[in-house]
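Student: I'd like to go through a model with you. Please put it up.

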Amino acid sequence: MKQLVEICSGCIVRSSGEEGSSVIVKREFLEKLQNRLQELRPDIEWSVSTTSCMRFCPPQRMSMVVANRMEMSRSNTVESVADDIVSRIK
């Protein structure tokens, strides 16, 4: 089964708190998230990408689209976002 996931690019950059290239920050976050999702659910073929900012997001949270539904993560760590994504997959 293939699962598409989109994460708000603005949320990734804001949550990183790092100086430097936003392209690198986004790429690193997506790589870590993809790896974590694969660890949690190796039976799913994950396709993780960014999308432009979807809405104003509270600090320490991320907007995401999972199973064609806009969702909000509970936290902004890779582990928390991955857990939130997996919990929304049936």
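Student: Start with Asn68: buried or exposed?
Tutor: Asn68 is exposed, with a relative accessible area of 77%. Buried means under 20% relative accessible area, exposed over 50%, and partly exposed in between, with a 1.4 Å probe and protein chains only. Before going on: this is a predicted model, so local features need pLDDT of at least 70 and side-chain atom pairs count only at pLDDT 80 or more, while totals for chains, interfaces and linings use all residues. Residues are numbered from 1 along each chain as its sequence is written, and side-chain values use heavy atoms, with hydrogens and water left out.

Student: And where does Asn68 lie?
Tutor: Asn68 is in the loop between strand 3 and strand 4. Helices (H or I, at least four residues) and strands (E, at least two) are DSSP runs, numbered from the N terminus.

Student: What is the phi of Asn68?
Tutor: Near 65°, a positive value in a residue other than glycine. Most residues other than glycine have a negative phi. Ala67 also has a positive phi, near 55°, in the hairpin of strand 3 and strand 4, which has two residues between the strands.

Student: What about Gln60, where is that one?
Tutor: Gln60 is in the loop between strand 2 and strand 3. Its phi is positive, near 65°, and Gln60 is exposed at 52% relative accessible area.

Student: Change of topic. In what order do the strands of the sheet come?
Tutor: Four strands form an open sheet in the order 2-1-3-4, with mixed pairing. Two strands pair if DSSP finds at least two bridges between them. Strand 2 and strand 4 are at the edges with a single partner strand each, so one side of each has no neighbour in the sheet. From one strand to the next, the twist averages 25°.

Student: What packs on it?
Tutor: Helix 1 does, touching strand 1, strand 2 and strand 3, where contact means heavy atoms within 4.5 Å. The direction of helix 1 makes about 60° with that of strand 1. Helix 2 packs on the sheet too, touching strand 1 and strand 2, and its direction makes about 155° with that of strand 2. Axes are lines fitted to C-alpha atoms, for helices over the stretch in contact, and angles run from 0 to 180 degrees between N-to-C directions.

Student: Back to strand 3. How many bridges join it to strand 4?
Tutor: Four, and strand 3 and strand 4 (residues 69-72) run antiparallel. Val66 is opposite Arg69 there. Strand 1 (residues 2-8) also pairs with strand 3 in the antiparallel sense, over three bridges, and Ile7 is opposite Met64.

Student: Which way do the side chains of strand 3 point?
Tutor: Ser63 and Val65 point one way, Met64 and Val66 the other, and all are buried.

Student: Next, the two helices. At what angle do helix 1 and helix 2 cross?
Tutor: Roughly 100°, with the axes of helix 1 (residues 9-16) and helix 2 (residues 22-40) coming within 9 Å. The two helices are therefore roughly perpendicular, a label that covers 65 to 115 degrees.

Student: Which residues meet there?
Tutor: From helix 1, Ser9, Ile12, Val13 and Ser16; from helix 2, Ser22, Val25, Lys26, Phe29 and Leu30. They divide into five nonpolar, three polar and one charged. Ala, Val, Leu, Ile, Met, Phe, Trp, Tyr, Cys and Pro count as nonpolar, Asp, Glu, Lys and Arg as charged, and the others, Gly among them, as polar.

Student: How exposed is Lys26?
Tutor: Lys26 counts as partly exposed, at 22% relative accessibility. Apart from neighbours within four places in sequence, Lys26 is in contact with Ser9, Ile12, Val13 and Thr50.

Student: What about the core, how many residues has the largest nonpolar one?
Tutor: It has 24, and those with the most contacts inside it are Ile7, Phe29, Leu33, Leu37, Trp46, Val81 and Ile85. Such a core is a set of buried Ala, Val, Leu, Ile, Met, Phe, Trp, Tyr and Cys residues joined through side-chain atoms within 4.5 Å.

Student: Last one: how many residues of helix 3 are buried?
Tutor: Seven of the 10 in helix 3 (residues 78-87), including Val81 and Ile85. Among the elements covering the buried residues of helix 3 are strand 1 and helix 2.

Terms used. Angles under 35 degrees count as roughly parallel, over 145 as roughly antiparallel, 65 to 115 as roughly perpendicular and the rest as oblique.
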